[in-house]
Amino acid sequence: MTCAHVQERLDDYVDGLLGEAEFQEMELHLHDCPECREQERELRALLAAAAALPVEIPPSRDLWPQIEGRLGPRVPRAGWRRFTGSAWTLAALAAAAAVVLALSTTLRQQPRLTTPVAPVAEAPREDTTPTLVPAAAWQPLPAEQGYLRATEQLLAAYEAHRSELAPETVTVVEGNLKIIDAALAQIREALRKDPTSTELSRLLSATHERKVQVLRRVTRAAA
Amino acid sequence: VSFVVQGVEVGLGRRAASSAADVERQAREQALVRRAQAGDRDAFEQLYRENVGRVYAVCMRIACDTSVAEEITQDAFVRAWQRLDSFRGESAFASWMYTLAVNLALTERRTRKRREGRVTATDDPGAFEEPPAAHGPEPGMDLERALAKLPPGARSVFVLHDVQGHRHDEIAAMTGVATGTSKAQLHRARRLLREALRR
């Protein structure tokens with residue numbers, strides 16, 4: 001192992017991401033090379049200093065009065081934003097279209113479901129209210145918690161970029177997320193009636209995966 | 001029935017401890033969120049007071065400007081109030097709020113860069129890699145000051161990974177960059193910081 005290779009892999013070494021064989025090679029090299037050992041010492045000192053920085057810093061003044069002055073009554077979101085970017089729109093439209101197509105295909109390919117699942121095309125497309133599923137109707141299975149946490153975080157990222165989106169894009173993306181949520185609710189209902197169905201489990205998992213993929217692509221396109 | 005999420009869950013980083021006190025805190029937080037969702041501003045103020053330090057810290061380190069960080073922090077809480085309906089409680093409010101703030105800070109950074117061009121912080125690593133001025137290297141440059149001089153992309157990833165304790169897949173989910181890009185930015189940030197602190 002050369003010094004150049006060590007420099008290249010030092011981050012992964014201190015982060016504990018190397019495989020056993022490469023780790024051993026690194027150890028041997030560092031033992032014999034004072035220059036690389038000094039680089040390692042520097043890096044570890046930097047990481048220790050970074051880890052010691054405060055995670056919380058209070059602002060120099062109380063921001064609440066200004067925040068409170070900007071809080072309007074809590075109402076459901078309405079209205080659409082300005083059109084801004086074709087790349088954004090294309091990416092979001094492509095992602096949404098892919099979801100609808102893939103989901104429709106997947107649902108059609110499940111002939112042995114014990115409880116019929118309505119085609120996604122029957123979902124109420126005209127209702128684009130961004131609150132995707134009412135809280136009372138959202139009763140996930142315990143095994144879905146990981147997906148739900150993931151999508152919630154991705155939705156938070158989406159919220160941060162939502163105002164940059166074209167109205168058409170928001171309509172399509174949120175309309176399709178709503179369709180996915182409607183499909184999830186139906187699959188979940190079917191799974192409650194037939195909890196041993198591996199097909200339903202796979203379908204539920206695949207549908208969650210698609211939702212995660214859509215949100216990741218949308219947030220990535222905005223970056 | 002079990003499901004595996006492949007590295008998309010975003011939390012508060014490695015520093016988020018898990019204990020009985022945390023469970024109790026989360027239960028209280030959930031109650032506050034429910035009240036805030038019903039329009040209770042006092043409950044939302046409590047959520048603000050409990051989260052503003054962490055939100056402001058990450059905004060400050062990404063923006064490197066006190067007034068901008070304060071503005072983003074305010075925007076983040078106003079946005080959270082407006083979007084509380086979309087928070088279902090499957091993750092901690094602090095985590096949701098933090099992600100919202102990070103994304104706003106990153107968006108503001110991109111907007112400012114487009115608006116003002118290159119100022120003190122720049123995506124051009126050469127600006128940070130220039131040799132010291134004629135009067136010699138600046139002594140006592142601490143980590144926060146060195147951080148502020150990093151290129152914004154590298155700085156954001158370093159803050160999220162090495163200060164806040166997030167994994168690369170979490171950073172990718174938050175920022176929209178590929179995991180490989182996040183790793184490359186971290187490598188660059190660490191190298192530049194070591195060089196800066198060596199001077």
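H187(B) lies in helix α9 of chain B, which spans residues 179-198; helices here are DSSP runs (H or I, at least four residues), numbered from the N terminus. This is a predicted model, in which local features need pLDDT of at least 70, side-chain atom pairs count only at pLDDT 80 or more, and totals for chains, interfaces and linings use all residues. Residues are numbered from 1 along each chain as its sequence is written, chains are lettered from A in the order in which they are written, and side-chain values use heavy atoms, with hydrogens and water left out.

H187(B) has a relative accessible area of 31%, so it counts as partly exposed (between buried, under 20%, and exposed, over 50%; 1.4 Å probe, protein chains only). Leaving aside neighbours within four places in sequence, H187(B) is in contact with Q7(A), E8(A) and D11(A), where contact means heavy atoms within 4.5 Å. D11(A) also forms a salt bridge with R190(B), with the closest N and O atoms 3.0 Å apart. A salt bridge is a side-chain nitrogen of Lys or Arg within 4 Å of a carboxyl oxygen of Asp or Glu.

The table describes the contact between the two chains.

| Item | Value |
|---|---|
| Residues from chain B | 72 residues |
| Residues from chain A | 75 residues |
| Area buried between chain B and chain A | about 6500 Å² |
| Salt bridges between chain B and chain A | 7 salt bridges |

Buried area is the accessible area (1.4 Å probe) that two parts lose on being put together, summed over both. Carbon and sulfur atoms give 54% of the area buried between chain B and chain A.

How values were computed
Helix = DSSP H or I, 4+ residues; strand = E, 2+ residues; numbered from the N terminus.
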